[in-house]
Amino acid sequence: MMMMMMALLRSGSSKILPRYQPSILPRFLHSHATSFGFKQDEKSKLVVNVFSTVASTYDLMNDLISTSLHRLWKDRLVSLLHPFAGMKHLDVAGGKGDVAFRVLERMNSVSNKALQERLADTEEVTKIFVCDINPNMLNVGKKRAIERGFGEDRSLHWVEGDAEALSFADGSMDGYTIAFRIRNVTHIEKALSEAYRVLKRGGRFLCLELSHVELPVFKQIYDYYSFSIIPAMGELVAGDRASYQYLVESIRRFPNQETFARMIFDAGFQKVEYDNLVGGVVAIHSGLKL
Amino acid sequence: MLKSSPAARRLLAGIVSSRRIGSPFSLLQLSTAAFDPASNPSTHQDQPPALPTPETSRSRENDGEAHRRSTGKREGVSYQEEQARVLRAALSHVPRLGWSETAMILGAKDAGISPSIVGSFPRKEAALVEFFMDDCLQKLIDRIDSDMELDKLILSDRLSKLTRTRLEMQAPYISKWPQALSIQAQPANLPTSFKQRAVMIDEIWHAARDQGSDVDWYVKRTVLGGIYSTSEVYMLTDHSPGFRDTWNFLEHRIKDAFDLQKTIQEATYLAEAVGAGLGNSMQGFMKRMFQK
């Protein structure tokens with residue numbers, strides 16, 4: 001990691017990666033305000049491409065900051081979810097499709113296929129809904145689905161929506177996941193009560209989020225890493241120190257494991273538990289609706 | 001260690017019944033903390049008071065569980081009851097599908113609950129097997145309490161009848177029982193299954209109302225545990241009608257154990273007598289030797 005950063009410093013990162021100034025991002029978010037001088041559909045393709053690049057920069061930053069652990073964390077989230085054939089699953093704010101693809105891959109795995117044959121008499125159709133407030137992220141996700149070979153898969157449904165006001169019917173989902181996004185929701189209680197509303201009886205709520213570290217020595221190391229190294233990396237790689245400074249601060253402001261568990265319980269869930277990964281850097285909270 | 005006192009018996013029964021409802025929970029849940037709504041809501045502690053240090057385990061104490069069960073109830077049912085309902089419904093699918101998640105998923109559908117609940121069991125198939133074991137133990141206790149004829153039998157017959165009653169409960173699942181045994185033998189599940197068997201054997205000995213005190217408490221449990229396990233394994237390959245051969249096997253093993261006990265006693269007496277006799281003859285011999 002250190003070697004890579006030194007190489008970046010020496011070569012001047014503009015040759016390796018495009019630098020995005022923070023001011024460009026808000027402009028692209030309101031794509032109607034920009035004009036490339038092309039026809040409308042070409043412009044939307046360009047917007048998708050821009051977002052693809054932005055998304056891959058996000059991905060690269062995710063890999064760098066978490067030393068690729070975020071992939072394992074998402075794997076663990078899906079493994080705790082324990083998807084089954086015929087499931088109706090909702091992944092909220094997962095526009096790029098990371099969690100949804102993992103759920104799909106698990107469903108299509110060999111062992112699950114055997115299970116499917118045994119449950120064939122039930123004829124329930126698997127549906128995985130990916131909900132995101134940002135339609136451009138959904139488009140990026142759709143593109144990635146095609147790249148991964150899920151283009152023909154009719155289980156994936158891409159829906160635009162707000163975590164605080166979901167457009168799904170009451171009691172229609174078997175599972176609900178939200179990965180690294182509940183921190184950014186304005187009213188967390190609303191999102192939790194919406195999650196409770198759309199889940200069926202027996203449905204499970206799972207939330208993967210950066211959380212609080214309390215282990216004595218590790219806490220100091222983690223704090224130093226968060227406040228000194230992450231913003232510097234953000235500056236070097238994505239040219240955006242401010243966003244990553246904000247990221248680190250928002251993690252500290254987010255409720256700790258116990259408080260968040262209390263919030264989930266207050267929304268109506270039972271059997272509220274949390275799983276600390278890497279000593280509390282990441283926590284997976286789960287709740288059962290009955 | 002617990003002696004056969006009424007207090008000890010009630011304690012064991014208490015553990016059994018609380019675990020019956022909460023049996024899907026392992027007492028060895030590592031690195032997972034369960035939120036306790038009964039904990040003091042005003043203090044935002046990092047951990048509830050009952051938990052040990054973060055480096056070790058975040059397992060829930062059994063009394064903490066019971067505490068949560070009594071205070072964490074909502075207007076509807078508690079999740080432990082729902083989980084028990086799902087497992088009970090799943091048992092009807094076991095003879096066809098084995099002790100598997102498929103059976104649990106179908107059980108959930110029968111119970112009218114989303115199969116997602118299967119994901120909330122910590123050790124899936126083991127939860128089903130443990131539920132069955134707890135259920136059988138409860139049925140056994142009920143049978144013991146309602147059976148009036150037990151006192152009329154001698155000790156070996158009492159033990160034989162009780163063990164047979166318990167083994168008969170496994171008869172409907174006998175085709176899939178090897179799978180259940182292998183699940184119980186897995187390292188993660190071994191402590192719980194061992195504990196369940198120990199409690200069951202203890203319960204049988206209590207019901208047999210043994211008054212003798214010549215052989216040690218541990219030896220009794222170990223011997224009966226061994227007889228139970230061997231009969232259980234014998235039953236797996238027994239194709240006689242009504243498992244007749246297994247019950248013969250069981251009775252013979254129990255008689256052997258009692259005979260062995262008698263034999264050991266007699267051997268002890270014989271050794272004492274021989275030792276005494278030898279000692280006498282040696283004395284006499286030495287006397288005659290040195291008199292000359």
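What share of the 290 residues in chain A is buried? Buried residues make up 53% of chain A. Here buried means under 20% relative accessible area, exposed means over 50%, and partly exposed lies in between (1.4 Å probe, protein chains only). The model is predicted: local features need pLDDT of at least 70, side-chain atom pairs count only at pLDDT 80 or more, and totals for chains, interfaces and linings use all residues. Residues are numbered from 1 along each chain as its sequence is written, chains are lettered from A and ligands numbered from 1 in the order in which they are written, and side-chain values use heavy atoms, with hydrogens and water left out.

Chain A has eleven helices and seven strands. These elements are DSSP runs, numbered from the N terminus: helices are H or I with at least four residues, and strands are E with at least two. Chain A exposes about 13500 Å². Carbon and sulfur atoms supply 58% of that area. Accessible areas come from the Shrake-Rupley method with a 1.4 Å probe, and for residues only the protein chains shown count as cover. Among chain A contacts between residues at least 6 apart in sequence, 75% join residues at least 24 apart. A contact means heavy atoms within 4.5 Å.

Chain B has eleven helices and one strand. Its order along the sequence is α-β-α-α-α-α-α-α-α-α-α-α. Of its 292 residues, 47% count as buried. Chain B exposes about 14900 Å², with 60% supplied by carbon and sulfur atoms. Of the chain B contacts with a separation of 6 or more, 70% come from residues 24 or more positions apart.

Strand β5(A) spans residues 199–210. Ten of its twelve residues are buried, so the strand is mostly covered by the cut-off under 20%. β5(A) pairs with strand β4(A), residues 173–179, in the parallel sense through six bridges. Two strands pair if DSSP finds at least two bridges between them. β5(A) also pairs with strand β7(A), residues 282–288, in the antiparallel sense over seven bridges. Phe205(A) takes part in both pairings: it is the bridge partner of Tyr176(A), and it stands opposite Gly287(A) in β7(A).

In soluble globular proteins, nonpolar side chains tend to be buried together. The largest nonpolar core here has 93 residues. Such a core is a set of buried Ala, Val, Leu, Ile, Met, Phe, Trp, Tyr and Cys residues joined through side-chain atoms within 4.5 Å. Leu156(A) and Trp99(B) have the most contacts inside this core. Helix α6(B), residues 124–146, gives the most to it, with twelve residues. Apart from this core lies another, of 31 residues, including Ile188(A), Ala195(A), Val272(A) and Tyr274(A). Beyond its neighbours within four places in sequence, Leu156(A) contacts residues including Ala100(A), Phe101(A), Leu104(A) and Ile128(A).

Phe101(A) is also a contact of Arg144(A). Arg144(A) lies in helix α7(A), residues 135–148, and is buried, at 18% relative accessible area. Its contacts beyond four places in sequence also include Asp59(A), Lys96(A) and Asp98(A).

The unreviewed UniProt entry annotates Asp132(A), Asp162(A) and Ala163(A) as "binding site". Positions follow the numbering used here, feature names are shortened, and annotations may be inferred rather than shown by experiment. The three are spread over 32 residues of sequence, yet cluster in space, with a largest C-alpha distance of 7.8 Å. Asp162(A) is in the loop between β3(A), residues 156–160, and β4(A). Ala163(A) is found in the loop between β3 and β4 of chain A. Asp162(A) is partly exposed, at 32% relative accessibility, whereas Ala163(A) is buried, at 10%. Leaving aside neighbours within four places, Asp162(A) contacts Cys131(A) and Ile133(A).

Most residues other than glycine have a negative phi. Lys271(A), in strand β6(A), residues 270–277, has a positive phi near 50°. Lys271(A) is buried, at 6% relative accessibility. Phe243(B) has a positive phi near 55°. Phe243(B) sits in the loop between α10(B) and α11(B) and is buried, at 16%.
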